[in-house]
Amino acid sequence: MRTDDILGAIGGTPLVGIQRLSPKPEVRLWAKLEGQNPTGSLKDRIALAMIEDAERSGALSAGMEILEPTSGNTGIALAMVCARKGYRLTVAIPENASEERVRLLELFGAEIVFTPAEKGTNGSIEVARRMVASGKYFMPFQYGNPANPRAHYEGTGAEIVRDLPEVTHFVAGLGTGGTLTGAGRRLKEHNPAVRVVAAEPELGELVYGLRSLDEGFVPPVLDESILDRKFLVSSHDALRATRELTEKEAIFAGLSSGAVIHAAKRIAAEIDGGEVVCVLADGGWKYLSTQAWSVDLDMAEKQVEETLWW
Ligand SMILES: Cc1ncc(COP(=O)(O)O)c(C=O)c1O
C-alpha cells in the first residue's frame with residue numbers, strides 16, 4: 001500500500017481468523033483489527049470523516065478552532081488529523097484520564113481542558129457545550145454527527161462485505177453507536193439476514209469506550225432499529241476475554257474488544273453455523289497501565305474494579 005500522507009493510511013484494516021476462540025468448528029469467528037489504524041483505533045475513521053465533512057459544508061473554515069469532549073480514542077484521532085491539516089484542537093476530558101492518553105494528546109499538540117473526575121465523560125460534554133457557545137469553535141460532536149456512522153457505512157461495513165461476503169453476524173461495542181449503525185446498515189443492505197449484535201456494559205460497570213443505554217443517554221447517531229441483539233457484559237467478562245484473545249490468538253487489543261469477543265462467543269454457542277465478524281476497536285497499548293495482562297488474574301480483576309479512569 002502507498003499513500004500521499006498519513007490520512008490515506010486510515011481504514012482498510014485486516015480481517016483475521018480467530019478460530020481458537022470459537023466453541024465449534026461450524027461457527028467461524030473473525031476479528032476486524034481496528035488497532036491497525038494510524039493512532040491505533042477505529043476513531044481515526046470518524047475523525048477524518050467529521051473534519052472533511054465540515055470542510056465541505058463550510059461549518060469549519062480556516063482560522064476556526066476545533067473542540068471535542070472525548071475521553072480518549074476520538075480525541076487522539078482528532079489530534080492526529082488536526083496536526084496533519086493544521087487546525088488547533090482543544091479536548092475536554094475527565095481529569096482521571098490515563099497518562100498514556102494525556103501524553104498522546106499532548107504530543108499531537110492538542111490543548112487539554114480537564115473536567116471533574118466524578119462527572120465522567122458527561123461532565124466533559126457539559127463543559128464543551130458551554131465553551132462552544134463562544135462561537136470560536138467547531139465541535140464535531142461524535143455522538144450526534146452523521147459523518148460518524150457514514151464513515152463506518154462507507155469504510156468498515158463495505159470492507160467486511162468485500163472481504164467476507166458470506167458474513168452472517170456482526171458484533172461491535174456500543175459507544176456512540178456509530179460503528180453498529182453505519183457498518184450494520186451496510187451489512188444488512190448486502191444481506192438482510194445479517195444479524196447485528198451490540199456489546200454493552202452492565203449498568204454501573206466500566207468497559208472503557210462503551211456506554212450503557214440504561215444510563216439514560218441514547219446517542220442521536222444510534223439507530224436502534226439496526227440492532228437485533230444486545231449483550232450486557234461485565235468488566236470481568238471483558239477482562240477475561242481480552243486476556244484470552246492474547247493467550248490463544250496472540251492478538252493484543254483493548255478491553256472493549258474483550259466485551260465484543262465475550263458477546264460473540266455467546267452468539268456462537270447459540271447457532272449451528274455462521275461467519276461472525278467482531279470489531280476489535282483498538283489495540284492494547286493504551287491499557288498497559290491498568291495491569292489487565294498481569295500474570296496474577298486476581299490482581300488484574302481487582303485493578304479493573306478499583307481503577308476509575310477513562
Ligand atoms: C475502545 C472503544 N471501543 C468501542 C467504541 C465504540 O464505538 P462507537 O462509538 O462507534 O459505538 C469506542 C468508542 O467510543 C471505543 O473508544
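The following legends describe close-up views of a predicted model.

**View 1. Packing of helix α2 against helix α3.** Helix α2 spans residues 73-85 and helix α3 spans residues 99-107. Their axes lie 9 Å apart and form an angle of about 15 degrees. Because this angle is under 35 degrees, α2 counts as roughly parallel to α3. The crossing of α2 past α3 is left-handed.

**View 2. Residues at the contact of α2 with α3.** Helix α2 contributes N73, G75, I76 and A79 to the contact. Helix α3 contributes R101, L104 and L105. Sorted by class, the contact has four nonpolar residues, two polar residues and one charged residue.

View 3. Residue A269 belongs to helix α8, which covers residues 255-270. When its neighbours within four places in sequence are set aside, A269 is in contact with P23 and K24.

**View 4. Two cysteines, C82 and C278.** Are these residues buried or exposed? C82 has a relative accessible area of 2% and is therefore buried, since buried means under 20%. C278 is likewise buried, with a relative accessible area of 0%. A search for disulfides across the whole structure finds zero.

Conventions
Residues numbered from 1 in each chain as written. Predicted model: local features only at pLDDT ≥ 70, side-chain atom pairs only at ≥ 80, totals over all residues. Heavy atoms only, no water. Axes fitted to C-alpha atoms, helices over the stretch in contact; angles between N-to-C directions. Helix = DSSP H or I, 4+ residues; strand = E, 2+ residues; numbered from the N terminus. Parallel < 35°, antiparallel > 145°, perpendicular 65-115°, else oblique. Left-handed = near helix turned anticlockwise from the far one by under 90°. Contact = heavy atoms within 4.5 Å. Nonpolar A, V, L, I, M, F, W, Y, C, P; charged D, E, K, R; others polar. Disulfide = S-S within 2.5 Å. Buried < 20%, exposed > 50% of the residue type's maximum accessible area, 1.4 Å probe, protein only.
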